[in-house]
Amino acid sequence: MKVRPLHDRILVKREEKIGGIIIPDTAKEKPQRGKVVAAGNGKIADDGKRIALDVKSGDRILFGKYSGNEVKIDGDDYLILREEDVLAILE
């Protein structure tokens, strides 16, 4: 299934493994980094012009702990969040 977020929203797949450390599921916090799978076309300004997003598909990002909405697509867990919830792009 193809998914295209609307406006300034992005679809993110969380990165489960960070640094090779294995933590039991009961003690795990949800990771705050992920990879952008899809991005919307951009936000529409008050004057009607579209403002392009700074993030694009394939970017690795850091986002806020309680940001976005969790969704399940084809059995996989994803996060849909607004671009303003992105704290940084990892390079």
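This is a predicted model: local features need pLDDT of at least 70, side-chain atom pairs count only at pLDDT 80 or more; totals for chains, interfaces and linings use all residues.
Figure 1. Residues are numbered from 1 along each chain as its sequence is written, and side-chain values use heavy atoms, with hydrogens and water left out. Of the 91 residues, 29% are buried (buried is under 20% relative accessible area, exposed is over 50%, partly exposed is in between; 1.4 Å probe, protein chains only). The secondary structure comes to eight strands and zero helices, so the order from the N terminus reads β-β-β-β-β-β-β-β (both are DSSP runs numbered from the N terminus: strands are E, at least two residues, and helices are H or I, at least four). Take the contacts between residues at least 6 apart in sequence: 64% of them join residues at least 24 apart (a contact is heavy atoms within 4.5 Å).

**Figure 2. The largest nonpolar core.** Ten residues make up this core: Ile-10, Val-12, Val-36, Leu-53, Val-55, Ile-61, Phe-63, Leu-79, Leu-81 and Val-86 (a nonpolar core is a set of buried Ala, Val, Leu, Ile, Met, Phe, Trp, Tyr and Cys residues joined through side-chain atoms within 4.5 Å). At least two of its residues come from each of strand 1 (9-14), strand 5 (60-63) and strand 7 (76-82). Nonpolar side chains tend to be buried together in soluble globular proteins. Zoom in on Ile-61: beyond its neighbours within four places in sequence, Ile-61 is in contact with Ile-10, Val-12, Val-36, Val-55 and Val-86, and also with Gln-32, Arg-33, Gly-34, Ala-88, Ile-89 and Leu-90.

**Figure 3. Asp-8 and its partner Arg-82.** Asp-8 sits in the segment before strand 1 and is buried, at 6% relative accessible area. Its side chain makes a polar contact with the side chain of Arg-82 at 2.9 Å (a polar contact is a pair of N or O atoms within 3.5 Å; within protein, one must be able to donate a hydrogen and the other to accept it, and residues adjacent in sequence count only if both atoms are side-chain atoms). Leaving out residues up to four places away in sequence, Asp-8 touches Gly-42, Lys-43, Leu-53, Leu-81, Arg-82 and Glu-83.

**Figure 4. Asp-59, another buried aspartate.** Look for Asp-59 in the loop between strand 4 (50-51) and strand 5. Asp-59 has 10% relative accessibility, so it counts as buried. Its side chain reaches the backbone nitrogen of Lys-56 at 3.0 Å. Past the neighbours within four places in sequence, Asp-59 is in contact with Gly-34, Lys-35, Val-36, Asp-54 and Ile-89.

Figure 5. Lys-43 belongs to strand 3 (residues 43-44) and is partly exposed, with a relative accessible area of 43%. Setting aside neighbours within four places in sequence, Lys-43 is in contact with His-7, Asp-8, Lys-49, Arg-50 and Ile-51. From Lys-43 to Glu-83 is 40 residues in sequence, but 9.4 Å in space, C-alpha to C-alpha. Asn-41, in the loop between strand 2 (33-39) and strand 3, is partly exposed at 47%. Asn-41 and His-7 are 34 residues apart along the chain, with their C-alpha atoms separated by 5.4 Å. Contacts of Asn-41 outside the four places on either side in sequence include Arg-4, His-7 and Arg-50.

Figure 6. Most residues other than glycine have a negative phi. Here, His-7 has a positive phi near 50 degrees, and Asp-74 has one of about 50 degrees. His-7 lies in the segment before strand 1 and is partly exposed, at 38%. Asp-74 is in the loop between strand 6 (69-73) and strand 7 and is exposed, at 56%.

**Figure 7. A lysine over a tyrosine ring.** Lys-13 lies over the face of Tyr-78, at 5.3 Å from the ring centre (a charge sits over a ring if NZ of Lys or CZ of Arg is within 6 Å of the ring centre and within 35 degrees of the ring normal).
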